[in-house]
There are 2 protein chains.
Amino acid sequence: MEDVAAKAGVSRALVSIVYRDAPGASDTTRARVLEAAAELDYRPDHRARLLGRQRTKLLGVVYGVRHAFHGDLVEALYAAADLAGYDVALSAVAPTRDEPRAIQALLDYRCEGLILLGPDQRAKALAELAAAMPTVVVARKVTADGVDVVRSDDSDGLRQAVEHLVSLGHRRIVHVDGGRAPGAAERRVGYKTAMRRAGMSEHIWVVGGGLTEDDGVAAAKRILREAPRTTAVAAFNDKCAIGMLDTLRKAGRDVPGEMSVVGYDDSNLAGLSHVDLTTIGQDPKRLAELAVGRAVARLDGDVFADDELVVPPSLVVRGTTAAPKEA
Amino acid sequence: MEDVAAKAGVSRALVSIVYRDAPGASDTTRARVLEAAAELDYRPDHRARLLGRQRTKLLGVVYGVRHAFHGDLVEALYAAADLAGYDVALSAVAPTRDEPRAIQALLDYRCEGLILLGPDQRAKALAELAAAMPTVVVARKVTADGVDVVRSDDSDGLRQAVEHLVSLGHRRIVHVDGGRAPGAAERRVGYKTAMRRAGMSEHIWVVGGGLTEDDGVAAAKRILREAPRTTAVAAFNDKCAIGMLDTLRKAGRDVPGEMSVVGYDDSNLAGLSHVDLTTIGQDPKRLAELAVGRAVARLDGDVFADDELVVPPSLVVRGTTAAPKEA
DNA sequence: CTGAAAGCGCTAACAT
DNA sequence: ATGTTAGCGCTTTCAG
């Protein structure tokens, strides 16, 4: 910095001003400084900036390296933070690196706000964090004092799935649920509500499912056995749906000819060409924008009632849904 | 820090000594300081430590959030760095955040070494980086001055695939390749070499393939048409293998009864129960250890000829390989 | 083991 | 518009 100042024939303060683009430097000076910096390929030391500054303009993000969807979120968070003038510090959770540790690492960097993707921490621990700094939890439903929650509207996701099927002409629509998995309860509600609204209360049937292919296999067998007239299924997630697809086809049932199947997540599996699964996708961009927006607003002093921001997911129509034969 | 020193009845310097576990503090004092710190729940400011210190003990890691395998590597890198006494700073590459930018962010943090996972940068740019600091490229084959390369032995991967098939009794083994994709050339070599060694030169056949399911579909059709007596296939990757599986089965060929298929990558697709693909997996732990080891060694002043560290992959036997009928 | 003091590379309030 | 001057929270050297 010294060198740059010298080369540009100004004081260090001026260089600082230029780099913070603070008021107090003429355009010509600005240009001269920047030019000098370029020649020396000077780059301000990020650590020192953070140290000296009151506000670090740093948002800490904790995520699971393993979760593909977290990857999408991280991507969107970078973009959203950038727009808001914040930097992002990433801290991954892994088997050898638990959540408290990942969070602590971020605190040691003195980030101003925390964005936690699908954290395992209990509500109490989250509330403690929130007491110290703006904390927003993404993709997990929790109620903890002071923490903001941004998540997808799981109930609406199933509503969309059901409405899509209804619009195709289906009536006997079954939901294979996720048991006690996060989001499962809401998806059940969404399913039931949508069915009722469509005037098909008598066809409501929630089959116990789960998160794995095997769960899908079991559920498909049960449906074939107990309700062979079923024409459509909305599964808890893509994996479960894939297990069902496989079982249905092995049983000689044409999909989507005789049976329509909808998954949930729009994971990489759903896009495989021989799977080609109609599914419900989350909106990482929107989730990220809201999360960053909320953290930043809190930092700017805005106070909110602790509530949830709920984002509608969206239907991705592929090849496993069609009009029923009877229609 | 001041407060901790006061509370423990020592000088600030002592607190610093304790936290760096530098020599010059008795065990009792050490304990007292730590206790005082705990009560005040004091945590040293990471930024300040880095600033004040000569060595930052920081390793920068650039990776793609989208790549599932990078996730595994990141996980292993954390562990390896930890063992070596280094911290890790993550910087993700995403559509809105290109590689130069991700790298620059790390440099601004003044990390001491760079670990790049499958970078796109051209050799020249990498060499420039390497001139400034230890730089190791993981999972991409490049030759650039001063940069260390750590990667899987793709040639050996196909050797293992072929030997596995040979040991089952296969002779007519085809390789569906990856064209100009990274690693494809080596896999071809590994295939051919292994076939020759097994005395089956006359059965060597490399079918043009690709990275997608559709490529697998096309290749499978061609094989069925042009060489129906083929009993086994080693595909370029899992996706391609899955496309083949699907096509073969649709054509009425039993897998693995009439045809064995081996994939490559051990991706999440391979593990799906209805896919259950025998495949070749990389060793993220070993790759990470070597990468960190190399960076640290360079930082410790060890000089190496710029060469590659090559890690053998490993065969994951699942359900798509079996002895051929004729055997 | 202590206490003082310089410095890391910036920011930011204040004076010119 | 530009220069001066303290810090930021720690490390590190050095004489006690």
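Predicted model: local features only at pLDDT ≥ 70, side-chain atom pairs only at ≥ 80, totals over all residues.
Start with both chains: a rotation of 180 degrees with 0.0 Å of shift along its axis superposes chain B on chain A, with an RMSD of 0.1 Å. That is the relation of a two-fold axis.

Residues are numbered from 1 along each chain as its sequence is written, and chains are lettered from A and ligands numbered from 1 in the order in which they are written.

**Stop 1: the interface**

Select the contacts between the chains. 32 residues of chain B are in contact with 32 residues of chain A; contact means C-beta atoms, placed from the backbone, within 7 Å. On chain B, color α4 (46-52), α5 (68-84), β2 (87-93), α6 (99-108), α10 (213-226) and α11 (238-250), the elements that give two or more residues to this side. Helices (H or I, at least four residues) and strands (E, at least two) are DSSP runs, numbered from the N terminus. α5(B) gives the largest share, six residues.

What is the side of chain B made of? Its residues divide into 16 nonpolar, five polar and eleven charged. Here Ala, Val, Leu, Ile, Met, Phe, Trp, Tyr, Cys and Pro count as nonpolar, Asp, Glu, Lys and Arg as charged, and the others, Gly among them, as polar. 100% of the interface residues of chain B are also interface residues in chain A, so the copies meet through the same surface.

**Stop 2: the six-stranded sheet of chain B**

Now show the open sheet β2-β1-β3-β4-β5-β11 of chain B, with parallel pairing. Strands pair if DSSP finds at least two bridges between them. β2 and β11 (308-311) of chain B each have a single partner strand, so one side of each is left without a neighbour in the sheet. Neighbouring strands are turned by 20 degrees against each other on average, direction ignored.

Axes are lines fitted to C-alpha atoms, for helices over the stretch in contact, and angles run from 0 to 180 degrees between N-to-C directions.

**Stop 3: β3 of chain A**

β3(A) pairs in the parallel sense with β1 (58-64) of chain A over four bridges, and A:Leu59 has A:Gly113 as its bridge partner. β4 (135-138) of chain A also pairs with β3(A), again over four bridges. There, A:Ile115 stands opposite A:Val136.

**Stop 4: the cores**

Which residues touch the most other members of the largest nonpolar core? Among its 98 residues, they are A:Leu77, A:Val138, A:Ala291, B:Leu77, B:Val138 and B:Ala291. Such a core is a set of buried Ala, Val, Leu, Ile, Met, Phe, Trp, Tyr and Cys residues joined through C-beta atoms within 7 Å. Center on A:Leu77. Leaving aside neighbours within four places in sequence, A:Leu77 is in contact with A:Val61, A:Val88, A:Ile115, A:Ala288, A:Ala291 and A:Val292. A second, separate core of 76 residues includes A:Ala232, B:Leu158, B:Val207 and B:Val262.

Conventions: Buried ≥ 20, exposed ≤ 12 C-beta atoms within 10 Å, placed from the backbone. Contact = placed C-beta atoms within 7 Å. Least-squares fit on C-alpha atoms with pLDDT ≥ 70 in both.
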